[in-house]
Every structure is written in structure tokens, then in C-alpha cells.
Amino acid sequence: MLKSSILILFILNLFTKDMRLLGLLLVVSLGLNIFLNKDIVKNIKKLKFLIFIYLTTFLAQIYYHQEGEVLFKIFNIYVTKGGILNFASSFLRIINLIILSWLVNTQKLLPKSLSGYQQIIEDVIELIPEVFKIFKSKRKIKWFFRYILSQIKIKN
């Protein structure tokens with residue numbers, strides 16, 4: 001029953017365009033996680049770095065979506081209703097997918113061959129703050145990949 005419910009939530013998340021339904025999916029998936037996921041607090045702490053990164057893409061999405069009803073203007077950039085709705089829908093979709101993946105992981109709904117990929121993704125998410133430190137030291141991009149791959153190799 002839980003597998004089919006989560007599958008329906010995944011499908012609705014991917015194919016709906018209604019913002020209210022996406023918000024409802026967020027509430028439902030958070031509720032399921034609160035009741036079924038013991039590590040919800042730890043997972044939310046990991047999520048704050050991803051939210052920070054994703055919110056910085058907000059500026060790019062507003063810049064590239066200049067058509068539609070203009071809400072206000074900042075310098076030469078028009079903030080439009082379409083740009084904000086585009087950002088909000090993609091943000092909610094990604095957050096919903098992440099939250100649902102936590103539930104799938106904690107309930108062990110994936111076969112063992114696929115659950116290894118989930119662990120690698122979680123390891124990469126944990127290493128995001130470390131990548132910022134490497135970025136501040138102005139190293140080349142290959143150092144990012146080397147560091148991440150070496151940390152994943154150490155954990156496994």
C-alpha cells in the first residue's frame with residue numbers, strides 16, 4: 001500500500017502544473033516523513049545547503065523569464081509573475097522529490113541493487129559544504145571531483 005501511494009505521489013509531482021496540488025503534495029510527503037522517518041531532522045539539516053544553492057538559481061530563472069505580467073523592476077531586470085511561478089513550481093517539485101526519496105530510503109522500498117545509488121547521492125549532498133571550502137581556495141574543478149570521489153570511496 002505504501003509503495004503504491006508513494007508511486008502516485010511521484011507521478012503527481014512530475015506531471016501536475018497546479019501550484020496548490022504541488023503544495024498539497026509537499027504537506028503530504030512531509031507528514032508521511034514525520035510519521036515514518038526517524039531521521040527527518042538529520043535529513044532536513046542536509047537539505048538547507050541544497051535550498052541555499054537552489055535559491056541562488058532563482059535569480060537566473062527570473063532573469064531569463066522576462067515575459068508576462070511585470071510585478072516590479074530591479075535595475076534593468078523585470079520580475080514577472082511567470083518567472084516567479086516558474087521558479088516556485090520547479091522548487092516545489094525538487095523539494096517534493098527529495099522528501100519522497102527520503103521516505104523510500106527509510107522504508108527500504110528500493111531493491112538492494114538500487115539502494116546503493118541512494119547512499120552515494122546522500123554522501124554527495126553531505127559533502128556540499130566541503131566543496132564550498134574548496135571553491136573558496138580557488139582550486140580547479142578537478143579538485144572538486146577528486147575530493148568528492150575520494151570521500152565516497154572512504155565511506156564505502
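**Packing around helix H4**

The crossing of H3 and H4 is right-handed, meaning that the near helix is turned clockwise from the far one by less than a right angle. The model is predicted: local features need pLDDT of at least 70, side-chain atom pairs count only at pLDDT 80 or more, and totals for chains, interfaces and linings use all residues. Residues are numbered from 1 along each chain as its sequence is written, and side-chain values use heavy atoms, without hydrogens and water.

The protein chain holds seven helices and two strands. Helices (H or I, at least four residues) and strands (E, at least two) are DSSP runs, numbered from the N terminus. Their order from the N terminus is α-α-α-β-β-α-α-α-α. Of the 156 residues, 29% count as buried. Buried means under 20% relative accessible area, exposed over 50%, and partly exposed in between (1.4 Å probe, protein chains only). Among contacts (heavy atoms within 4.5 Å) with a separation of 6 or more, 63% join residues 24 or more positions apart.

Helix H3 (residues 40-64) packs on H4 at an angle of about 160°, with the axes 11 Å apart. H3 is therefore roughly antiparallel to H4. Axes are lines fitted to C-alpha atoms, for helices over the stretch in contact, and angles run from 0 to 180 degrees between N-to-C directions. Angles under 35 degrees count as roughly parallel, over 145 as roughly antiparallel, 65 to 115 as roughly perpendicular and the rest as oblique. The H3 side of the contact includes Leu47, Ile51, Tyr54 and Phe58. The H4 side includes Phe87, Phe91, Ile95 and Trp102. By class, the contact of H3 with H4 has 16 nonpolar, four polar and no charged residues. Ala, Val, Leu, Ile, Met, Phe, Trp, Tyr, Cys and Pro count as nonpolar, Asp, Glu, Lys and Arg as charged, and the others, Gly among them, as polar.

A search of the whole structure gives one aromatic pair. The ring centres of phenylalanine 87 and phenylalanine 91 lie 5.6 Å apart and the planes meet at 25°, so the pair is stacked. Rings of Phe, Tyr and Trp (its six-membered ring) pair if their centres lie within 6.5 Å; planes under 30 degrees apart count as stacked, over 60 as edge-to-face and the rest as tilted. Phenylalanine 87 and phenylalanine 91 are four residues apart in helix H4, and so about one helical turn separates them. Both phenylalanine 87 and phenylalanine 91 are buried.

Helix H2 (residues 19-36) packs on helix H4 (residues 81-106) at an angle of about 25°, with the axes 9 Å apart. H2 is thus roughly parallel to H4. The crossing of H2 and H4 is left-handed, with the near helix turned anticlockwise from the far one by less than a right angle. The contact of H2 with H4 divides into 15 nonpolar, six polar and one charged residues. Asparagine 33 lies in helix H2 and is buried, with a relative accessible area of 0%. Beyond its neighbours within four places in sequence, asparagine 33 contacts Ile40, Ile99, Trp102 and Leu103.

Isoleucine 77 sits in strand S2 (residues 77-80). Isoleucine 77 is partly exposed, with a relative accessible area of 31%. Not counting residues up to four places away in sequence, isoleucine 77 touches Ile62, Tyr63, Gln66 and Phe72. Glutamine 66 is 11 residues from isoleucine 77 in sequence and 7.8 Å away in space, C-alpha to C-alpha.
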